[in-house]
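Subject: The structure, and what turned up in it

Hi there,

Here is the structure I promised to pass on. Have a look at it first, and then read my notes below.

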Amino acid sequence: MLTETTHPDPSSLTHQTQSFAPPSDFAETANAKDPDIYRKAAEDPEAFWADWARRLDWITPFKTVLEWNPPHAKWFLGGKLNVSVNCVDRHLASRGNKPALVFEGEPGDVRTLTYSQLSVEVNKFANVLKSLGVGKGDRVSLYLPMTPEAVIAMLACTRIGAVHSVIFGGFSAESLQERTNDSGAKIILTADGYWRRGHVVPLKATTDEALKDGCPLVEKVIVLKRLGDNLSSLHMEPGRDLWWHELTENASMECEPEVMDSEDPLFILHTSGSTGKPKGILHTTAGYLTGAMATSKLVFDLKDSDLYWCTADIGWVTGHSYVVYGPLSNGATVFLYEGSPDWSVSPDFSTKGEIAVSKENEEGNLTSPGSQNRSRLWEMIARHKITILYTAPTLIRACMKWGDDHPAGHDLGSLRLLGSVGEPINPEAWLWYHKHIGGGHCPIVDTWWQTETGAIMIAPLPGLVTTKPGSATKPFPGIAADVVDEKGESLPAGQKGILVIRKPWPSMLRTLWGNDERYRQVYWSKFSGIEGGESLYFPGDGAVKDEDGNFWLLGRIDDIMLVAGHNLSTMELESALVEHYAVAEAAVIGKTHDIKGQAPVAFVIIREQFAPKIGDIEAIHALSAELKEHVSKKLGAICRPDDVILTADLPKTRSGKIMRRLLRDIAEGRIIGDTTTLADPAIVAGLKDKYAGEES
Ligand code: WT7
C-alpha cells in the first residue's frame, strides 16, 4: 500500500525525452481538432455530456442531465430510448449497404454483414428470445465465440430490454455456473464450440457441465452451430437445448424495440477481483451508450471509411464498449476475428471462405490443417486493409518477442491509428508498436479505463494531444481525474499517489449486481474519512502527473512496493527491464525483506534470439547479473532487484494481466493461492521449481 509520505519520483519514467506531436495531416481532419474542447468540458461537464447524449436517437428526450447522490448517479433522467435502434436502425437509411461486421474465422472463413443484414439478424433473434419468454429486465447468459452471432445476441437482448451477461468463452464450467447464478439468468446462449489454434474448444460440453445440477434457474440453452460436423459428439438435452439456426429460420424480421428508460439496466459484466467472488458490474442504458459513443468517435477518430479492429473478446468490457456499442453507435465497420493471433491454415483453405478441416485429434474431433503463424495478425491487416488497430500490451510484447520480421513482411500501410489498453504500456513496447506496426506515422492512443468506468477515461485525443511513450496522457474531456495522497489531497506534478475521479461520468457503473454495500465499500470508502470523500471514486491504481499534466499509470496500488521507505511502482522497474535489448517482458514484485521492508524481485522473459540455452547456468547467471546492474544504473541502486529469474512464461489472467500476487507467493515461498482465473496454471508450478532452484 501507499504510505502517507510520498516521495519524489525517483525514476526516469516520467522523464521520457521523446514526445510525438499529432502528424499535421492527421490533426487537420481529426474528429476532435479544437483544443478548447478540454476547457469547455471542464467548465461544464454536464453540458458537455448532455451535448453528446443528444446525438443519440431518443424516443422521449431526457429532462434532467444528472442526479448525484453519492455514490449513486442517474444520468439523462426522463429519457426513453433503445440501444439496438441506436446501433443499427438509425444507420439503415444512410448506411444500409455498408458493412457493419467483417468476420474472419480462425480456419480462414470470411463473412460480411451489412447494417441491413445485421438488422434482420438482430430482429429475428430478438423475436426468438421473446418467443422463449425472455422479456424486459430478464437476464441472459452469453457464452459464445467471437463470431457475428455474439454481436447479434447482445443487440437482440437490448432490443427487447433483456440484460446480457457475457461470460468469456475461455472460462470454465465453474465460472459460467457462478456468473449465471449470480445474475439469475434463465437462458444461456452458447455454441457447439469454436476454433482456437486449430483445435475445437467445446463450449456446449462445458455448458452441460455447468448445468449439471448447477444452474437451477436455467430453462433453455440456445446452441449456435459453429463447428457442425467437426465435433465428434454433442448432447442436446430434449426440452432444454435448442438449435439457434432452427429457431431463427422462421422468426419474423420485425421486432418492435422495447422503450427503455435511460437508467434501465443494460448489462452485467463480472470482473474477478483479486479475492472473493466475482463482482457483477452493472451498467445502464443511456449513460453507458453516451460514453461509449463519444469516446469511440474522439479517441479512435472513427470515420465512415474506417475498418476498425479491436482485438478484445466480447467477454471483456473492451469487447462490449469498443467492439460493439461504441463503434456501432457511430455507424462504423468492425472487424472480428475468432481465433489465436499466431495460427493459420494453409492459403488454399483460407481463400475459399469455408471452414477447412482435416485430421482427428485424441477426442475424435477434427482439427483444422493449420500451423503456427506469427504473421497472422499482419496478414489480416493487409488482407482486409484495416485502418485502426486497438489491442493490449501483452500482445504487443508477444509480437516483440517473436521478432520484427513478421510485421516487416506485410503491407501495414492501411493503418492510421493504433490503440493500447489493459495494462500500462511500457515505453519500449510503445516505441516498437509505433515503429514496426505504425510505420512511424500512426498516432498511438494509450487508453486507461476499467470495466467499472464503462468507457475510456484517460487517453489522448489523437489530433490534439502530444503523446509520450508510456503515458496515457490527458483525462478525456469531462472526466475529472486527479492524483491524490492518502488524505485525498491533490499532489503536485512528479509525486506518486492514488488516482481518483472527482466527478461522476455517464458511463460509470451504477452498483454491483445484488450487492450495493460492496459497491460502496470497494469504490467509495477509501476517502470516506475526509470531507467530500464519499464522492471520490477510487479505481485502485497508482499514478503520477508530469509537468505537462500528463498522467502516468503505475499499476495497481496493491502491487506498489515499499523499498527502504521508497514507493516503487512495478511499472517503473518493468519498463527499465524491457528497455534492455534482451528483455521481451518483465514482471516485478516486492518480496518481504528484513531490512528494506520489501525487496524487488524480477521475473523476466528473454527475447528468443538472446535466450541462454537451457542448463547453461553460467550464461543464465551472467544475464541475471547484467539485468540487475542495468536496473541499478537506470533507476538507482535502491531499485536493484534482489533476484532476477529468467522464465519462458508469466502467470497471466485470461485477459492478459500478469498475476503478481502469485509471483509474490512464489518469491516468499508460500503455498500458491487461488489459480482458477489463470490462463495456464502449469506456468506457476514451473516457476516455483525454478525459483527454488535459482535462489539457492
Ligand atoms: C485495470 C482495469 C479497460 C478495459 C480492459 C481492462 C489496468 C487498463 C490501462 C492502461 C495502465 C491500465 C488498470 C485498471 N489498465 N488500461 N492503458 N494503462 N493500466 O479492464 O479488467 O476492468 O481492468 O486495468 O489497472 O484499473 P479491467
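This is a predicted model: local features need pLDDT of at least 70, side-chain atom pairs count only at pLDDT 80 or more; totals for chains, interfaces and linings use all residues.

Residues are numbered from 1 along each chain as its sequence is written, and side-chain values use heavy atoms, with hydrogens and water left out.

The ligand

A polar backbone atom of threonine 447 is 2.7 Å from a nitrogen atom of the ligand. Threonine 451 brings a polar side-chain atom to 2.6 Å from a ligand oxygen atom, and a polar backbone atom of proline 424 is 3.4 Å from a nitrogen atom of the ligand. On its own the ligand exposes 560 Å², of which the protein buries 88% (accessible areas come from the Shrake-Rupley method with a 1.4 Å probe; for residues, only the protein chains shown count as cover). Two or more residues of the shell come from each of α12 (317-329), β22 (444-447) and β27. These labels are DSSP runs numbered from the N terminus: helices are H or I with at least four residues, strands are E with at least two.

In total, 17 residues surround the ligand, the closest being Asp446, Thr447, Thr451, Asp541 and Arg556 (near means that a heavy atom of the residue lies within 4 Å). By type, the shell has six nonpolar, five polar and six charged residues. Here Ala, Val, Leu, Ile, Met, Phe, Trp, Tyr, Cys and Pro count as nonpolar, Asp, Glu, Lys and Arg as charged, and the others, Gly among them, as polar.

The sheets

β22 also belongs to an open, mixed sheet of seven strands, in the order β5-β4-β17-β16-β20-β21-β22 (two strands pair if DSSP finds at least two bridges between them). Its edge strands are β5 (110-114) and β22, each pairing on one side only. Within this sheet, β16 (residues 307-310) and β20 (residues 388-391) run parallel over three bridges, with cysteine 310 opposite tyrosine 390.

β27 sits in another open sheet, where four strands pair antiparallel in the order β23-β24-β26-β27. β23 (481-484) and β27 (551-556) are at the edges with a single partner strand each, so one side of each has no neighbour in the sheet. Four bridges join β23 to β24 (residues 497-501), and aspartate 482 has valine 500 as its bridge partner.

Buried elements

Which residues of β8 are buried on its two faces? Ile187, Leu189 and Ala191 are buried on one side, Ile188 and Thr190 on the other (buried means under 20% relative accessible area, exposed over 50%, partly exposed in between, with a 1.4 Å probe and protein chains only). β8 runs parallel to β6 (residues 139-143), with three bridges between them, and leucine 142 stands opposite leucine 189. β8 also pairs with β11 (residues 220-224) in the parallel sense over five bridges, where isoleucine 188 stands opposite valine 221.

Helix α21 (residues 660-667) is largely enclosed by the rest of the structure, because seven of its eight residues are buried. Among them are Arg660, Arg664 and Asp665. After α21 comes glycine 669, with a positive phi near 65°.

Best wishes

Terms used:
A polar contact is a pair of N or O atoms within 3.5 Å; within protein, one must be able to donate a hydrogen and the other to accept it, and residues adjacent in sequence count only if both atoms are side-chain atoms.
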